[in-house]
Amino acid sequence: MTPAAPSLESWLVVVNLPIGPCDFAPPHGWAAPAPLGCRVLVPWRGALEVGLVVGSGDGRGGHRLREAVHVLDDPASPWVTPATVSGVQGWAADARIPAGLIWGDLLGVGWQAEVTHMVRAVEGADLSMFARRPPTERWTDAGAFPDALLDAIREQGLLEERFTPRPRMRGAVAARPLDEVPPASRTATVLSAVTPAPAGLTAKQAQAAAWLAGHGPCDTLSAWAKGAGVSNGVVTAALNAGGAQYTLVDAPPPPAWTWLHGHGPVDTYAAWANSASADGVPLTPTQAGTLALRGWADTIEVPQPPPALPEPHPQPDPAGAPDPLPEAPVWRLHGGRARARFALLAPRVTRLLTQGRGVLVLAPDHATLRRAWEGLSGLAAHAGTRAAQLTGTLSEPQRAHTWQLIRTGEARLVIGSGHALAAPLDDLALIIVLEEASDAHKLLSGSRAFLPDLATRIAAAHDAALALVGTTPAAESVPHPGAVLPPPRARVHVVDYANPPEQPELGPLSSVHLRLGDQGYPLSHDLARVLRQVQERGRQAALLAPRRGYSALLRCPSCDHTPQCRNCDVPLRFHREGRQLTCHQCGYHQPIPERCDQCGDPMWQARGPGTEWIAQEVQKLLPGFPVYRLDRDRQDDLTPLMRGESGVVIGTQLLLSHEPPPDLALIGVTLADTWLNVSDFRASERYHRLLRQLAEWHPTRAPMLLVQTFQADHPALKVMVDGRDTLAYPAAEERARAALNYPPHARLAQIEISARDQHKAQAAAQDLADALHGAGATAHEVLGPAPSPVARVRGVYPYHLFLRARSDTRLGELLRILDTRTWKAKIRVDVNPRGGL
DNA sequence: AGCACGCCGACT
DNA sequence: GTCGGCGTGCTC
């Protein structure tokens with residue numbers, strides 16, 4: 001009944017929920033320091049949850065602490081390295097993100113305890129007041145009792161608990177030992193003769209009884225009748241007259257059981273039936289299930305064999321190759337092609353691995369990850385270690401097994417996505433962030449972390465170096481010391497929609513639409529000509545469309561009405577395939593209306609620069625030429641193209657995450673301006689990166705890059721045409737950022753204030769802005785509030801407030817003002833937001 | 001995130 | 001009177 005002796009220490013434990021760490025007392029009898037980075041089982045809302053120990057406190061939180069129940073990992077080999085814990089916690093604190101959110105994003109594995117849990121009552125404890133059938137003093141599996149009951153007893157200190165690690169299990173069907181099969185299943189009801197035969201049987205009946213007595217029991221009446229050579233009526237009468245009786249006899253195990261007994265567990269009833277039948281024991285899955293139901297088989301759990309892992313890609317040993325890369329805490333490597341960059345990285349990576357240290361490679365998307373795996377994984381073998389891949393696309397058992405390989409030190413080169421960032425590398429020496437400017441590093445839900453920011457914190461906490469490696473540097477990376485390769489050769493052809501070539505017979509036509517029509521849209525005359533060449537020569541082309549689908553709005557020609565999403569303040573997008581209007585904001589979709597619901601006039605057919613329309617235009621231009629589409633809505637099978645067959649693929653930016661067709665002769669950007677008409681200070685940087693990535697998409701060739709645009713003079717495009725300097729554009733961008741006070745010369749955060757009631761949201765946003773100003777924030781530091789670009793999303797009204805601070809420290813100060821009181825709307829912070837400013 | 005609690009309008 | 005919508009707050 002007495003609580004544990006008041007301990008001064010408490011543990012800060014993070015659970016996989018969008019809340020901050022909670023305090024727990026160490027488990028009963030725990031004397032060692034807090035097991036930082038280890039997983040623990042903690043009482044949570046009446047049950048046990050897995051949590052991660054991220055720190056310790058003084059236990060004076062003011063409320064009575066519950067004890068952590070069990071430490072799942074050996075403190076000598078924690079689930080997450082303590083340095084990683086401190087790096088991530090530091091980021092979470094500064095970004096004012098609940099720690100549970102970010103850990104939920106980073107740890108793809110380990111939230112499930114792989115233990116067997118046994119309980120018993122403390123000796124002498126009377127638990128009868130808790131339940132009719134409480135735990136006894138015998139060890140019993142905890143599953144036999146309700147969670148809430150166990151927790152109530154646990155809280156009183158009357159429960160003893162034992163946890164033993166359990167290997168990963170899978171369900172299986174096994175033969176039950178013969179002595180455990182229920183007796184009813186092991187006997188059969190048979191007809192046997194009664195001796196001596198009673199008097200009064202007719203002749204036929206007596207004959208039947210005599211046969212039964214001589215030939216032994218029968219299973220059925222008809223079997224008896226058949227055996228005795230009489231009709232069914234005779235044996236029924238003989239039975240009723242007492243000439244035979246039903247008796248129980250021992251039955252042999254059914255052949256299906258004997259088979260299972262000899263072959264060991266199978267995965268499913270169907271597998272049992274199939275394998276047994278194949279071995280000459282006829283069995284259907286239904287029969288197998290019936291046998292199990294009668295107690296001949298048990299469903300059990302068997303240890304899972306280790307899953308297959310990605311194979312490393314062989315690489316030559318770079319031992320002795322020169323290593324010209326910087327030794328700074330943060331450095332960069334950009335330009336060239338992926339293959340050349342990895343070749344340059346190889347000596348450094350191999351040297352660190354050979355020293356017994358760890359290297360982590362963070363890739364933003366699947367295509368970059370695949371190239372990194374091809375370019376680096378083989379190095380591990382030269383350094384006496386293994387390479388491990390950690391991504392969300394692996395199965396859960398694969399991730400768990402990989403995590404274990406890293407934790408035990410067997411694999412020290414880790415290549416992966418965000419799931420790899422917290423990998424428990426013991427002596428981390430280097431984190432390589434690939435394509436550090438990629439928006440794909442931004443988590444769109446949960447913590448909304450920008451993973452390179454976290455990588456920076458984790459590297460610093462480990463005293464490891466951070467390398468930023470990619471096609472073209474982010475403006476933020478320019479100030480770091482680095483190595484630069486010349487950009488790959490690019491053949492760029494620009495179609496300038498704003499300044500068509502002189503055509504005197506045209507007259508004073510100036511409208512954009514006429515110019516578009518004149519030069520050809522979406523396929524300009526130049527693009528059409530090159531596409532025809534591609535067809536004639538049997539080669540391959542890729543066209544980049546600004547959007548998926550038909551991607552246009554539906555508009556009423558009479559009243560100008562455009563159908564809107566019912567949940568969001570955006571017009572619905574027209575998708576010809578599937579005949580639907582879809583909201584690209586929330587996914588709401590409805591059939592296409594024939595008539596305007598405002599004035600009743602017929603609606604216009606929509607046309608827009610989506611993949612669907614461009615594909616149609618290409619088919620019109622090149623009849624019979626294979627056309628493939630690749631976007632989120634439709635992903636055609638590109639196998640013929642990848643085999644080298646002629647054709648054209650039309651896609652969104654998703655194209656870049658696929659392998660390029662091997663005989664690619666042309667890449668067309670149908671309307672480059674899409675990447676520039678975005679209200680985001682990173683738009684032109686993003687545009688430049690897209691062009692550079694397109695230029696190096698094919699690993700060896702330089703296909704023609706045909707860009708259709710109204711802004712032919714844009715510097716991001718011009719450097720592609722005449723520049724051989726990888727850094728020229730990013731450096732100019734960086735200077736522009738300095739002038740405008742944008743990153744890296746400022747730290748940004750977006751605060752989203754949202755409520756179902758628009759006025760409430762607006763008032764709360766204003767309230768918050770006032771509070772920030774009242775607490776000393778300057779007009780320069782607080783921008784807004786303003787309604788979100790989409791005024792209503794999924795039925796709520798978001799307002800945005802931007803913070804622009806000169807340093808992380810100052811940003812932290814500003815964000816801490818949010819904690820000073822509660823606001824009357826939902827507040828969400830997004831540090832280092834991408835897009836929308 | 002769930003889940004309980006509590007506050008208001010629509011009904012047997 | 002209660003049923004049930006949802007807004008608010010808590011989880012150690």
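1. Let's start with a word you'll need throughout: a residue is buried if its relative accessible area is under 20%, exposed if over 50%, and partly exposed in between (1.4 Å probe, protein chains only). One more: helices (H or I, at least four residues) and strands (E, at least two) are DSSP runs, numbered from the N terminus. Now to helix 21 (residues 715-722), where the buried residues are Ala716, Leu717, Val719 and Met720. These four cover an arc of only 160° around the axis, so they sit on the same side of helix 21; the arc is that of the directions from the helix axis to the C-beta atoms. What do the buried residues of helix 21 pack against? They pack against strand 20 (491-496), helix 20 (683-695), strand 29 (704-709) and helix 22 (728-740), where contact means heavy atoms within 4.5 Å.

2. A quick word on what you're looking at: this is a predicted model, in which local features need pLDDT of at least 70 and side-chain atom pairs count only at pLDDT 80 or more, while totals for chains, interfaces and linings use all residues. Residues are numbered from 1 along each chain as its sequence is written, chains are lettered from A and ligands numbered from 1 in the order in which they are written, and side-chain values use heavy atoms, with hydrogens and water left out.

3. Next, have a look at strand 28 (residues 664-669). Six of its six residues are buried, so strand 28 is largely enclosed by the rest of the structure. Strand 28 runs parallel to strand 21 (residues 540-544), joined by five bridges, and Gln540 stands opposite Leu664. Strand 28 also runs parallel to strand 29, this time with four bridges; here Gly668 is opposite Leu706. For the record, two strands pair if DSSP finds at least two bridges between them.

4. Leu527 belongs to helix 17 (residues 525-536). Is Leu527 buried or exposed? Its relative accessible area is 0%, so Leu527 is buried. Setting aside neighbours within four places in sequence, Leu527 is in contact with Pro522, Leu543, Leu666, Leu706 and Gln708. The C-alpha atoms of Leu527 and Val669 are 9.6 Å from each other, though the two residues are 142 residues apart along the chain.

5. Now for an open sheet of seven strands, with parallel pairing and the order 15-16-14-17-18-13-19. Strand 15 (386-390) and strand 19 (482-484) are at the edges with a single partner strand each, so one side of each has no neighbour in the sheet. From one strand to the next, the twist averages 15°. Inside this sheet, strand 14 (residues 358-362) and strand 16 (residues 411-416) share four bridges in the parallel sense, and Val361 has Ile415 in strand 16 as its bridge partner.

6. Which strands does helix 11 (residues 338-354) touch as it packs on the sheet? They are strand 13 (330-334), strand 14, strand 16, strand 17 (428-434) and strand 18 (465-470). The direction of helix 11 makes about 160° with that of strand 17. Helix 14 (residues 396-407) packs on the sheet too, touching strand 15 and strand 16, and its direction makes about 140° with that of strand 15. To read these angles, note that axes are lines fitted to C-alpha atoms, for helices over the stretch in contact, and that angles run from 0 to 180 degrees between N-to-C directions.

7. There's also an open sheet of three strands, antiparallel, in the order 7-6-8. Strand 7 (140-141) and strand 8 (159-165) are its edge strands, each pairing on one side only. Two bridges connect strand 7 with strand 6 (residues 115-121), and Met118 has Asp141 as its bridge partner. Helix 3 (residues 147-155) packs on this sheet, touching strand 6 and strand 8, with its direction at about 115° to that of strand 8.

8. Last, the aromatics: the structure holds five aromatic pairs. Rings of Phe, Tyr and Trp (its six-membered ring) pair if their centres lie within 6.5 Å; planes under 30 degrees apart count as stacked, over 60 as edge-to-face and the rest as tilted. Trp11 and Trp30 have ring centres 5.5 Å apart and planes at 85°, so this pair is edge-to-face. Trp11 is in strand 1 (residues 10-15), and Trp30 is in the loop between strand 2 (22-24) and strand 3 (39-44). Trp11 is buried at 0%, whereas Trp30 is partly exposed at 27%.
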